[in-house]
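Please read them with the structure open beside you.

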Amino acid sequence: MILNEAHEALRTVVRNVPADGWELRTPCAEWNVTQVLQHAAGDQIGYAAFITGGPMPSENPFAPSGTLSEAAEVVAEQAMKASADAWATVSPDAQEVPVPVPPNTMTYTLGIGACALDAAVHAWDIAMATGQPSPLTPAMARELLDIAKQHIEPLRAYGVYAAELAREDGDDDVADLLRYLGRDPRWTA
């Protein structure tokens, strides 16, 4: 399942951030690695809260403080567990699942895909910032690009995603996804 793959990608990159890597700049120009983790964790908690009616993230995922209240791996794991547990309560046939992104309801397939997209792309952000290999596989990127094309455009108006970047010669499935999301697949720290 795409959410499990995305969570494993995030889990792996967080686990492999070097001790001195948390302040490094990221492809999210205004945020360092800690802030991207806080944002990603907050988004996962947001999906869980919308589905279950439980608590929202303790801080605004779009204004991360850069200070973790617990170890990074704990922050990531708690958020991913909340998200996975919430999605486990939703029928795969559900046509209107509450989600924290406009239009605030999606089908199960689109909603869980949007949740996975968020975790996966931020795993990539953290990986690139800390010199790790990309956690995105071509198969994952193809599936996530299809999901992205179904819900990203309205979010760009809110500044959630940058404008799509033009495809370049030699781009693969991962690059296609990243460019669609406004990220340069050749970004380096």
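1. The largest nonpolar core has 60 residues, and those with the most contacts inside it are Leu10, Trp87, Ile126 and Leu181. A nonpolar core here is a set of buried Ala, Val, Leu, Ile, Met, Phe, Trp, Tyr and Cys residues joined through side-chain atoms within 4.5 Å, where buried means under 20% relative accessible area with a 1.4 Å probe, protein chains only. At least two residues of this core come from each of α1 (2-15), α2 (33-52), α3 (72-88), α4 (108-129), α5 (138-156) and α6 (173-180), and the largest share, 16 residues, is supplied by α4.

2. This is a predicted model, in which local features need pLDDT of at least 70 and side-chain atom pairs count only at pLDDT 80 or more, while totals for chains, interfaces and linings use all residues. Residues are numbered from 1 along each chain as its sequence is written, and side-chain values use heavy atoms, with hydrogens and water left out.

3. Setting aside neighbours within four places in sequence, Ile126 is in contact (heavy atoms within 4.5 Å) with Leu10, Val13, Val14, Val17, Val33, Val36 and Leu37.

4. The chain has six helices and two strands, where helices (H or I, at least four residues) and strands (E, at least two) are DSSP runs numbered from the N terminus. Along the sequence they follow the pattern α-α-α-β-β-α-α-α.

5. Of the 189 residues of the chain, 51% count as buried. Among contacts with a separation of 6 or more, 66% are between residues 24 or more positions apart.

Technical notes:
Buried < 20%, exposed > 50% of the residue type's maximum accessible area, 1.4 Å probe, protein only.
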